[in-house]
Amino acid sequence: MGKKRVAWSSTHQEFLISDAYYFSRLARGALEEGLLIEEVDDFAELFSYDTVVFNYPESPFSHREIEAIKEGVIGRGKRVIFAAHFQNKDDVARICTEVSRHFGILVLNDQVTDGTNHLEGDPYRLVTSQVLAYNRGVCKVVFPYSAPLEVLDGGTLPILRGMETSRTSKGLLSPVLAAERTFPSGGAFVLCGSCIFWDNYSITFGDNFRFALNLLKGLR
């Protein structure tokens, strides 16, 4: 049986898997674990893969593209993962939300800090053990520079939350950092408030590598 295939989109000015300085560890480790991650610059071709990743998309999605994403997830059973960033940098939170709102999740124009559970003295580099799904072999995740998410209805469930000591700038405690909506087709839409939890730096901490693989493989 061949390796499971992941399309890493380069269709919307994303932070790219081919940038070895940032993502060589994820790409190499995934291949060793039976996942082939390929950079794809043709939007229509994305949905020939099992999983599609839009990591920090800086270019807006057209209505037609959003409908294609919905059809891919709901009708064709594809996994689609969006990864955003804090404070709406480069308008990425808004761009992600234009898609994610169709799946019951919003990226808020905000930030999350934790004065107690953080990495190397930086309160923006969150450390959390509140891993509610995709937690096989996972105890702690480092989730740096994350935007908080808003879950709009009961059909969408949190994957990751900040610890009780984490808060947004507006005072919301233990905010949702990643969330998912699943469908009877087997498809899933995943939204992450951070786009760098799986880069070459962060992936070496906690159980980030295993968490990233679980997300890509769909191992809840």
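Two strands pair if DSSP finds at least two bridges between them. Strands (E, at least two residues) and helices (H or I, at least four) are DSSP runs, numbered from the N terminus. The model shown is predicted: local features need pLDDT of at least 70, side-chain atom pairs count only at pLDDT 80 or more, and totals for chains, interfaces and linings use all residues. Residues are numbered from 1 along each chain as its sequence is written, and side-chain values use heavy atoms, without hydrogens and water.

**View 1. The pairing partners of β14.** Strand β4 (residues 79-83) runs parallel to β14 and is joined to it by 5 bridges. Strand β13 (residues 176-182) pairs with β14 in the antiparallel sense, over 5 bridges. F189 is the bridge partner of V80, and F189 is also the bridge partner of R181.

**View 2. The hairpin of β13 and β14.** This hairpin has 5 residues between the strands. G186 takes a positive phi near 95°.

**View 3. Helix α2 and E45.** Helix α2 spans residues 43-46 and contains E45. E45 is partly exposed, with a relative accessible area of 35%.

Terms used. Buried < 20%, exposed > 50% of the residue type's maximum accessible area, 1.4 Å probe, protein only.
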